[in-house]
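The following note is intended for a colleague who is meeting this structure for the first time.

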Amino acid sequence: MLSLARGGGLKPVTSLHPSQTSPGPACLGAMLNGGAFPHLRNLSLAVCGLGAKELRVIARSPRLKHLRRLDVGGNNALLAGDALRELSESPDLSPLLVLD
């Protein structure tokens, strides 16, 4: 998945659903910030084993302001710690975002 995110051969992709893939911080950073998916509006990361590191990558990404739907359900590690707060307080969080 990391090579796909870095490659940019699929445009315009508006939705990604890499659910149950455990993308990790590097892959998420490439997906969101690498320029391969400039039209991305919907991102489903349900049951991906996301933790604080991955959520911080999302929260700190300028791409966050373009997302209209972000699904992070089923990632139980997100229920603890400050990463969820960082996401909710991100200056790039769109008021139009639906967060699952």
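1. Overall burial. Of the 100 residues in the protein chain, 43% are buried, where buried means under 20% relative accessible area, exposed means over 50%, and partly exposed lies in between (1.4 Å probe, protein chains only). The model is predicted: local features need pLDDT of at least 70, side-chain atom pairs count only at pLDDT 80 or more, and totals for chains, interfaces and linings use all residues. Residues are numbered from 1 along each chain as its sequence is written, and side-chain values use heavy atoms, with hydrogens and water left out.

2. Elements and contacts along the chain. The protein chain contains 4 helices and 4 strands, and their pattern along the sequence is α-β-α-β-α-β-α-β. Helices (H or I, at least four residues) and strands (E, at least two) are DSSP runs, numbered from the N terminus. Among contacts in the protein chain with a separation of 6 or more, 83% join residues 24 or more positions apart; a contact means heavy atoms within 4.5 Å.

3. The pair α2 and α3. Two packed helices are described by the angle between their axes and the distance between the axes. Here the axes of helix α2 (residues 24-33) and helix α3 (residues 52-59) come within 9 Å and cross at roughly 15°. Such axes are lines fitted to C-alpha atoms, for helices over the stretch in contact, with angles from 0 to 180 degrees between N-to-C directions. The helices α2 and α3 are therefore roughly parallel to each other, since angles under 35 degrees count as roughly parallel, over 145 as roughly antiparallel, 65 to 115 as roughly perpendicular and the rest as oblique.

4. Residues between the two helices. From α2, the residues G24, P25, L28, G29 and L32 meet K53, E54, V57 and I58 of α3. Sorted by class, this contact of α2 with α3 has 5 nonpolar, 2 polar and 2 charged residues. In this classification Ala, Val, Leu, Ile, Met, Phe, Trp, Tyr, Cys and Pro are nonpolar, Asp, Glu, Lys and Arg are charged, and the others, Gly among them, are polar.

5. Burial of the helices. Helix α2 is mostly covered, with 7 of its 10 residues buried: G24, C27, L28, G29, A30, M31 and L32. In α3, the buried residues include E54, L55, V57, I58 and A59. The cover over the buried residues of α3 includes α2, β3 and α4.

6. The nonpolar core. Which residues have the most contacts inside the largest nonpolar core? They are L45, I58 and L70, in a core of 25 residues. The elements that give two or more residues to this core are α2, α3 and α4 (83-88). A nonpolar core is a set of buried Ala, Val, Leu, Ile, Met, Phe, Trp, Tyr and Cys residues joined through side-chain atoms within 4.5 Å.

7. L45. This residue lies in the loop between β2 (42-44) and α3, and L45 is buried because its relative accessible area is 0%. Leaving aside residues up to four places away in sequence, L45 touches P18, P23, L28, L50, I58, L70, D71, V72, G73 and N75. The C-alpha atoms of L45 and S19 are separated by 4.9 Å, although the two are 26 residues apart along the chain.

8. Positive phi values. Most residues other than glycine have a negative phi. Q20 has a phi near 60°, and S22 has a positive phi of about 50° although it is not a glycine. Q20 is in the loop between β1 (15-16) and α2, and S22 is likewise placed in the loop between β1 and α2. Q20 counts as exposed because its relative accessibility is 63%; S22 counts as exposed at 54%. Just after α2, G35 takes a positive phi of about 85°.

9. Two further loop residues. K65, in the loop between α3 and β3 (69-71), is partly exposed, with a relative accessible area of 41%. K65 and P91 are 26 residues apart in sequence and 8.4 Å apart in space, C-alpha to C-alpha.
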